[in-house]
Amino acid sequence: MKLVADLHTHSLASGHAYSTIKEMAEAAAQKGLELIAITEHGPNEPGAPHPYYFDNLYVVPKVISGVEVLTGVEANIIGWEGHLDLEKGILRKLDVVNAGFHTRDSGTVEENTATMVKAIASGWVDVIVHPGNPYFPIDPYRVVEAAKEHGIALEINNSSLNPHSFRQGSRDNCLKIAQVAKEAGLTLVVGSDAHWA
């Protein structure tokens with residue numbers, strides 16, 4: 001398998017990443033990627049950029065070092081109704097909207113699944129990121145079914161598989177999600193969740 005795109009990366013603007021957008025694109029070019037999405041954390045994440053940042057992303061060149069650059073967000077799914085932490089007027093302007101659980105209390109499998117399915121059904125999400133996070137357990141069958149129904153992708157998050165990740169225990173969940181997705185014919189994406197070029 002040849003990876004050609006990374007749809008989940010962060011720059012300095014996320015507040016806890018350490019490279020510029022230009023450095024991220026240059027590193028992507030060195031790795032042979034054709035496309036990269038810069039997806040800073042949504043405003044509910046500590047240290048994340050102000051909504052104005054996302055509104056101004058049109059100034060970022062569409063190609064840097066030969067790599068196509070997509071503008072995006074890693075939005076936080078907030079509350080129990082599946083809402084995102086960035087207003088729809090800004091979401092509409094972005095190339096890719098990733099969404100996942102971050103700055104919230106974990107619920108039961110039923111609560112987490114229902115909330116994620118509502119976010120999927122909202123029409124504002126392109127990719128659900130790190131759905132294998134064991135801190136927010138979900139029913140992979142229901143999430144895969146909803147993602148397929150609404151035409152969105154689920155991510156296998158490379159950072160979650162890192163032995164030093166704060167999402168320890170993700171590996172088995174990611175394998176289960178991948179298996180269920182394969183059986184359902186659902187598109188998966190692989191995201192680095194890179195915070196360094």
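Predicted model: local features only at pLDDT ≥ 70, side-chain atom pairs only at ≥ 80, totals over all residues.
User: Let's start with the helices. At what angle do α5 and α6 cross?

Analyst: Helix α5 spans residues 140–150 and helix α6 spans residues 170–184; their axes come within 10 Å and cross at roughly 45 degrees. That makes α5 oblique to α6, since angles under 35 degrees would count as roughly parallel and 65 to 115 as roughly perpendicular. The crossing of α5 past α6 is right-handed.

User: Which residues make the contact?

Analyst: From α5 come Pro140, Tyr141, Val144 and Lys148, and from α6 come Lys176, Ile177, Val180, Ala181 and Ala184. Sorted by class, the contact of α5 with α6 has 7 nonpolar, no polar and 2 charged residues.

User: Now the empty spaces. How is empty space found?

Analyst: A probe the size of a water molecule is rolled over the atoms, and that shows where empty space is left. Here, the count comes to 1 cavity of 30 Å³ or more. The largest cavity holds about 40 Å³ of space.

User: What lines the largest cavity?

Analyst: Its lining is Gly100, Phe101, Met116, Val129, His130, Pro131, Asn133 and Phe136. By class, that lining has 5 nonpolar, 3 polar and no charged residues.

User: And how many residues line the second largest pocket?

Analyst: There are 17, with Asp6, Lys31, Leu33, Ser192 and Ala194 nearest the centre of the second largest pocket. Two or more lining residues come from each of β1 (5–9), α1 (21–30) and β9 (188–191). The lining has 11 nonpolar, 4 polar and 2 charged residues, and the volume of this second largest pocket is about 230 Å³.

Notes. Residues numbered from 1 in each chain as written. Heavy atoms only, no water. Axes fitted to C-alpha atoms, helices over the stretch in contact; angles between N-to-C directions. Helix = DSSP H or I, 4+ residues; strand = E, 2+ residues; numbered from the N terminus. Parallel < 35°, antiparallel > 145°, perpendicular 65-115°, else oblique. Left-handed = near helix turned anticlockwise from the far one by under 90°. Contact = heavy atoms within 4.5 Å. Nonpolar A, V, L, I, M, F, W, Y, C, P; charged D, E, K, R; others polar. 1 Å grid on protein atoms, 1.4 Å probe; cavity = no way out; pocket = protein on both sides within 12 Å on 5 of 7 lines; lining within 4 Å. Points joined across faces, edges and corners; volume = space filled by probe spheres on them.
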